[in-house]
Amino acid sequence: MTKRGHREIIVEWLIESVIRLCGISAILFVFGIFFFVFREGGAVLFKDFKFGEFFFSTAWYPSSPSHVRYGTLALLAGTFSVTVLAMVIAIPFGIGAAIFVSEFCGPKLKETLKIVIELLAAIPSVVWGFIGLTVLNPLIIRLFDAPIGLNVLNGGIILALMSVPIIVSIGEDALKAVPDSYREAGLALGATRWQLIYRVLLPAAKNGLLAAGLLGVARAVGETMAVLMATGHAINIPTSLLDPVRTLTATIAAELGEAPVHSDHYRVLFVIGILLFLITTVVNLTADLIVRGVRKK
Amino acid sequence: MIPAPHIEIEGLTVHYGAKPALRGVSFTVQRNEILAIIGPAQSGKTTLLRCLNRTLDHERHARVTGVIKVDNEDIRRTNNVYDLRRRIGMVAPLPVGLPLTIYDNVAFAPRMAGITDRAELEQRVERCLRQAALWDEVKDRLHTLGTKLSGGQQQRLTIARALSHDPEILCLDEFSIAIDPVTTMRIEDVLKELRARMTILLVTNLVQQARRLADRTAFLFNGELVELDATEKIFSETPRDRRTYDYTHGVFG
Amino acid sequence: MNAPTPNIFAATPLARKKQRREQLARAVFFTMALLLVVPLVLIVTYLVVQAWPVLSWEFLTTNPKRGMRAGGIWSALLGTFYLVGFSLLVAAPIGILAAVYLNEYAKDNWFTRIVNLAVINLAAVPSIVHALFGLGAFVIFFGLGKSILAASLTLAIMTMPVIIASTKEALAAVPQSFREACWNVGATRWQTIRHVVLPNSISGILTGVILQVSRAAGETAPIMFTGAVFFKAIEEGNLFAYGLRDQCMALSMHLFTISTQVPDVPHGLPFATAVVLLGTVLFINALAIILRVWLRSRKKW
C-alpha cells in the first residue's frame, strides 16, 4: 500500500473518532447534569433527611434560625396548580390550532401561521415574565377586583402561551401522520370535514396528540423565569385562581443566590433540582415512547 | 497459456437480513474483456457490483461470505477500501449528477485522491469528457451546474466521472435505463473504444445490448449464476441451461 | 303539464345542518388559531409603544447609571453578546458533529437509540436545572468561578440540542445517491461528508445555529448563578471590555433585575430593555426563517 494510502486511513480514523466522541457527548452531558447536581445536593439526603417532611409538609422555612423546615408540598402545589391551569388553556387551543393549520387552511395561510407560532416560541421566558408583570397584572386586578394580579391565573395564562407552540407543532405532526387514505375514505362516504376530524382524525392521531400535551406539561413544569415573575411569590397551597403561589423552579431561582454554598439550604435546593430533572425526564421519555409508537404504526 | 484473470469471484453469497440475494456465485473475468451480466430484476446483479467495490459495506443489514480477488488480491481483506474503489469505475442506473458544476463533477474524484495541479485537472476533465462523448456538447459551459443537463447528457457525465480516477475496471449498472436509444448507441460505441484500456462489467436487462457488446455473458437468476459462456453460445438456440434459452428468447423476464 | 322535476341535488335539512356545523367548526378552529396570533401582535405593539420615548442610540451605548434607575444598557448588551458568542463557539462544532455522527455513522441499534434519547432529554431538562449543573460543574468543580466562561459553557450545553436537531434533519434531506456517487469514485466517508453532504445541507445547519443564538440570547436562569451579575460598569464603546474570566451583565438578567429587584425604576426603562431583548431575538429568528425560505427556493436538486 502507498504512503498516501496509509495516511488517508489514519486521518479518516482520527476524524471518525472525533465525530463519534461528539455524538456520544450528549450522553455524557445528561449523565454529567445528573452527576453534578447530585454531587452538590446528594450529601443532605444521607444525613437524616426527612423525606416525609420534604414531600408532605407545607412548612418551608429554610433560613429560620430555630425552626428550619424543608417541606415542599406548597411548592409542589404551586407548580401543579399553575401547570394544570396552563394545560387546561393550552391543550384545547393548541390542538384546535393544530387542527386548523393541518386541516382547514390553505398553504399560504399555513406558512404564515407556522411562522407566527415559531416566533411565539422564540420569545424569551424573562420577557414573558415581564409581560405577566406589566400587562396581565393590572388587567387581572381590574377585571377580577383582586388585591394582586400576580397569581395562579397570571402564571397559568403566561405558561399556556409559552407551551402552545410546542403543542401546535407536535400536534400538527401527529395529524399529518394520519394517512390521506383515511381522509379520502371519510370524504367519499359523505362525511363533512368536521365529522371527519371528530370521528376519524382525532382517534387516529390520539397518541401523537397525547404526546403533544405531555411535552407541553414538561415545558410548563420546567419553566423558571416567567413563573418567578408572574406568580406572586407566596408559599401556600392555592384555594382559588387568584391566590399567589410559588413553584419549585422559582424557589431555586429566588433562593440559590442567598443560600451559603454547601449549607443544608443550598443542598436542599439541589435536591429540588434532582426532583425536577426526574419529573421532566420521565414525562419526556413517555412522550417520546408514545411518538415512536405512532411512527412504527 | 491462459493469462491470469483480472477478477476472480468464488462462492460469493450475500444475505440481506435472512433473505439471500446471491447464492454461491463463482466466476472469473479476463483483462480487457467485456462481460455482460443479464437476468431479470431482483436476481442480484446490482448486489454483485456493490460487493466488488465494497459499497455494500455501508448497507446495514447485508452479510457477505466468499472471496473476491482483483489482480490476485483479496479485496475483502484490503485495508484501504478507497484505493480499491479508485481502481473501479461505477455507473449507476439513474444518472446522479452531484450538485456541482460539470467541471467539478468530473474533477471531484481526482481532487479527493489528492491531485491539486490545475493544468493536470483540466487535462483530465477534458479527456474524460471526450471519452464519454460529452465534450463537444458541454465544453462552453463547464462551469454550469451538472444537474441542469438532460438525462442522456447526465448519464454520460456520470460515465466521465467514473473514468476520472483512471479505473482499470468499469462497471455499468443498467446504464441505458433512463436514456434514449440514440444516446445509448453512442455510449455503446464509447464502451467499445474503452475496452482496449480496461475490463468492463456490463449489467443490463436489455439482452440485445449484451449481444452487441459482450465477449462473454453471464446469466444470473434468483441470486444464482445459471450459466456463463461466450456470448454467441448464450444467445444461440442451444445454451446449456433451459432457463437461459427461455430468458434470452423472451419466454419470461 | 310542466311539473318541475325535483332537484335531486337540493340540500336536504340534514345536509344543511351538516353544512352549518362544518362552518361553525371552521370558525371555532380559526378563532383558536387567531387567538395565538393576536397576543403576539398586541404584546409587541404595547411593549414598543411604552418603550418608544426611551429608545435611542444613546440608550444602547451607555452603562446603567444611578443604581440602574437611569442610563442605558451597554454593559448588559455587550455581556449578552459575549455569552452568546462563546456558547456558539462551543455548541456549534460539537452539535454539528454530533448530528453528523447520528445521521452518517451511527448504526441502527440500541446504542444509537440511547444517544437520541439523551439528546431529547438534554433539550427537556429545565433551564434552572442546567443552572444548578453549571454551578456545580463549571463554577465549583472545574474551578472556573462565576465567569463568562462558566456561563457560556452552561448555555452551550443547554442549547446544543437545537443545533443537533436541525442539523440532523438537514443531513437526512441530502439524497443517499449523492453519498453513493462519492463512495463509488473512492472518496472517503469524511471527504463525502465534507465536500458533498455538508455543503448541501448548509441552510438547515445555519438555521439551527441561528436558532441556538436566539435561544441563548434570551435565557436567564442558566446564567444567573454561573456568571451574570446584577450590575457592572464597563468602558463604554470598547468591544473588548470584558475578559473571559470576568462576570458580566446580560440583557435578560438586567430586565429581570430592573423589573423586580430595583424599586423606583422609571417606567420606560424596563420596557425599553424588554424591547431590545425581544427585538434582538425576533430579528434573529426572522433571519433564520428568511434564510430557510430563500435557500429552499434555490435548491439544486
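## Contacts and the model

Two residues are in contact if their C-beta atoms, placed from the backbone, lie within 7 Å. This is a predicted model, in which local features need pLDDT of at least 70 and side-chain atom pairs count only at pLDDT 80 or more, while totals for chains, interfaces and linings use all residues. Residues are numbered from 1 along each chain as its sequence is written, and chains are lettered from A and ligands numbered from 1 in the order in which they are written.

## Two helices of chain C

C:Val119, C:Leu122 and C:Ala123 in α4(C) meet C:Met160, C:Pro161 and C:Ile164 in α6(C). By class, this contact holds six nonpolar, no polar and no charged residues. Ala, Val, Leu, Ile, Met, Phe, Trp, Tyr, Cys and Pro count as nonpolar; Asp, Glu, Lys and Arg count as charged; the others, Gly among them, count as polar. Helices (H or I, at least four residues) and strands (E, at least two) are DSSP runs, numbered from the N terminus.

Helix α4 of chain C spans residues 110-124, and helix α6 of chain C spans residues 148-172. They pack at an angle of about 130 degrees, with their axes 8 Å apart. Axes are lines fitted to C-alpha atoms, for helices over the stretch in contact, and angles run from 0 to 180 degrees between N-to-C directions. α4(C) and α6(C) are therefore oblique to each other. Angles under 35 degrees count as roughly parallel, over 145 as roughly antiparallel, 65 to 115 as roughly perpendicular and the rest as oblique.

## A kinked helix in chain A

Helix α5 of chain A covers residues 125-144. A kink of about 40 degrees lies at A:Leu136, shortly before the proline A:Pro138. The bend at a residue is the angle between axes fitted to the seven residues ending there and the seven starting there. Just after α5(A), A:Asp145 takes a positive phi of about 55 degrees.

The buried residues of α5(A) include A:Trp128, A:Phe130, A:Leu136 and A:Asn137. A residue is buried if 20 or more other C-beta atoms lie within 10 Å of its own, exposed if 12 or fewer, and partly exposed in between. Within chain A, the buried residues of α5(A) pack against α6 (152-176) and α10 (225-230). In chain C, their partners are α1 (13-51), α9 (202-218), α11 (251-261) and α12 (268-297).

## Where chains A and C meet

67 residues of chain C are in contact with 69 residues of chain A. On the side of chain C that touches chain A, α1(C) gives the most, with 16 residues. That side divides into 50 nonpolar, eleven polar and six charged residues.

A:Gly23 sits in helix α1 (residues 3-45) of chain A. It counts as buried because it has 26 C-beta neighbours inside 10 Å. Leaving aside neighbours within four places in sequence, A:Gly23 is in contact with C:Ala98, C:Tyr101, C:Leu102, C:Ala106 and C:Val115.

## Two more residues

A:Thr58 lies in the loop between α2 (51-56) and β1 (60-61) of chain A. It is partly exposed, with 15 other C-beta atoms within 10 Å. A:Thr58 and A:Ile237 are 179 residues apart in sequence, but 7.9 Å apart in space, C-alpha to C-alpha. Not counting residues up to four places away in sequence, A:Thr58 touches A:Gly71, A:Leu73, A:Ala74 and A:Ile237.

B:Val14 belongs to strand β1 (residues 7-16) of chain B. It is buried, with 23 other C-beta atoms within 10 Å. Leaving aside neighbours within four places in sequence, its contacts include B:Ala21, B:Leu22, B:Thr47 and B:Cys51.
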